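Subject: The structure I promised you

Hi,

Here is the structure we talked about, with the sequence alongside. Have a look around first, then read on for what turned up.

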Amino acid sequence: MIRRRPQLLWLLLPYVLFVVALPLVNRVPLLVLWLLGATVLTPCAVALARRGDRRP
């Protein structure tokens, strides 16, 4: 499915930001900024996936 619709890889961005990279951020102020940035980037990633998915 990913071979036919590679734009869906954009949906991995929030997962990577929240789960995979989170243990690397160990200071509390940096953690808050990291989570805020990941929260802001999540709708952007979903919009990019939707934009690519609507093209024929």
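Before anything else, one term you'll need: when I say two residues touch or are in contact, I mean that they have heavy atoms within 4.5 Å. Also keep in mind that this is a predicted model.

Let's start with the overall picture. The protein has 2 helices and 0 strands. Its radius of gyration is 14 Å, well over the 10 Å that the globule rule gives for 56 residues, so the protein is more spread out than a compact globule. You can see this in the box that the C-alpha atoms fill, too: roughly 45 × 20 × 5 Å along the principal axes. Of the 56 residues, 16% count as buried.

Now the two helices. Two packed helices are described by the angle between their axes and the distance between the axes. Helix α1 covers residues 12–20 and helix α2 covers residues 28–54; they pack at about 170°, and their axes are 9 Å apart. Angles over 145 degrees count as roughly antiparallel, and α1 and α2 are therefore roughly antiparallel to each other.

Which residues make the contact between α1 and α2? On the α1 side, they are Leu13, Pro14, Leu17 and Phe18. On the α2 side, look for Trp34, Leu35, Ala38, Thr39, Leu41, Thr42 and Ala45. Sorted by class, this contact has 9 nonpolar residues, 2 polar ones and no charged ones.

Alanine 45 is in helix α2. With a relative accessible area of 1%, alanine 45 is buried, because anything under 20% counts that way. Leaving out residues up to four places away in sequence, alanine 45 touches Trp10, Leu11, Leu13 and Pro14. Take leucine 13 as an example: along the sequence, alanine 45 and leucine 13 are 32 residues apart, yet from C-alpha to C-alpha the gap is 6.7 Å.

Alanine 38 is also in helix α2. Is alanine 38 buried or exposed? At 1% relative accessibility, it counts as buried. Its contacts, again not counting residues up to four places away in sequence, are Leu17 and Phe18.

Next, a bit of charge. Side chains of opposite charge can pair when their charged atoms come close. How many salt bridges does the structure hold? There is 1. Aspartate 53 forms it with arginine 5, and the closest N and O atoms are 2.8 Å apart. This pair links distant parts of the chain, since aspartate 53 is in helix α2 and arginine 5 is in the segment before α1, 48 residues apart. How open are the two partners? Aspartate 53 counts as partly exposed at 32% relative accessibility, and arginine 5 is partly exposed as well, with a relative accessible area of 26%.

Stay with aspartate 53 for a moment. Leaving aside neighbours within four places in sequence, aspartate 53 is in contact with Arg5 and Gln7. Leucine 24 is another story: aspartate 53 and leucine 24 are 29 residues apart in sequence and 32 Å apart in space, C-alpha to C-alpha.

That brings us to glutamine 7, which lies in the segment before α1. Glutamine 7 is buried, with a relative accessible area of 16%. Setting aside residues up to four places away in sequence, glutamine 7 touches Ala49, Gly52 and Asp53.

Cheers

Methods
Residues numbered from 1 in each chain as written. Predicted model: local features only at pLDDT ≥ 70, side-chain atom pairs only at ≥ 80, totals over all residues. Heavy atoms only, no water. Axes fitted to C-alpha atoms, helices over the stretch in contact; angles between N-to-C directions. Helix = DSSP H or I, 4+ residues; strand = E, 2+ residues; numbered from the N terminus. Parallel < 35°, antiparallel > 145°, perpendicular 65-115°, else oblique. Nonpolar A, V, L, I, M, F, W, Y, C, P; charged D, E, K, R; others polar. Salt bridge = Lys/Arg side-chain N within 4 Å of Asp/Glu carboxyl O. Buried < 20%, exposed > 50% of the residue type's maximum accessible area, 1.4 Å probe, protein only. Rg over C-alpha atoms; globule rule 2.2 N^0.38 Å.
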